[in-house]
Amino acid sequence: MKQLLITLTLLCSIVVTGYAQIPVGRTVMEYEVEYEGTTLKMNGAGVRSMLFIELYSGGLYLQEKSSDPIAIAYDDETMAIRIKITSKLIKRETMLSAIEEGFVKATSGKTGPLKDRIAKIREYYAKPIKKGDLLELVYIKDKGVVCYMNSKELGVVEGQDFKFALFKIWLGEDPASENLKEGMLGDY
């Protein structure tokens, strides 16, 4: 029965929107996205929750499927992490604090070389974050991490070392959520 409901939801999404969307937790995410002429497909997606509360859904978008988290983080190819806020509990400060904590974990506490670039993330996401918002962290080869909020470009953070640490927040050895990591790696 559950499979039938998922199938019907997917079919309705395709008919209504004209392109495929995939249910992820309490929201839907696009199966395919495009950034600066590069088409990315969902590698996997999952939900970040605390106790029984769903906080956000996240999707990893790559050019080619992969289940190797460190190879993905090191890869110098265009890719994206998209985060759809699904809870009123997530506010700007809680999200930014979690990202900053994630950088500490991803770098084993060695955030010094990234300090100014981490501050740019805080600057770019200065406006309130609320339920329903879409945050996009898109690594564009030879450009850097382009930050978006609800499809509006906010700015760019340069450096493949920054991208590596950023993607390790969700894909590293000590991720924000083990379930979300597994989902992003295709186990959804």
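Guide: What follows covers cavities, then pockets.

Guide: This is a predicted model: local features need pLDDT of at least 70, side-chain atom pairs count only at pLDDT 80 or more, and totals for chains, interfaces and linings use all residues. Residues are numbered from 1 along each chain as its sequence is written, and side-chain values use heavy atoms, without hydrogens or water.

Visitor: How many cavities of 30 Å³ or more are there?

Guide: One. On a 1 Å grid over the protein atoms alone, a cavity is a set of points where a 1.4 Å probe fits but cannot get out. A volume is the space filled by probe spheres set on the points, which are joined across faces, edges and corners.

Visitor: Which residues line the largest cavity?

Guide: L96, I99, Y125, I129, L135 and L137; lining residues have an atom within 4 Å of a point. Helix or strand runs come from DSSP (H or I, at least four residues; E, at least two), numbered from the N terminus. Those giving two or more residues to this lining are α3 (92-106) and β7 (134-140).

Visitor: Now pockets. What volume does the largest pocket have?

Guide: About 310 Å³. A pocket is an open set with protein on both sides within 12 Å along at least five of seven lines. Of its 19 lining residues, R48, T94, A98, I99 and A176 are the closest to the centre.

Visitor: Which element gives the most to that lining?

Guide: α3, with eight residues.

Visitor: And the second largest pocket, how much space is in there?

Guide: About 160 Å³. Its lining includes Y124, Y125, K127 and D133.
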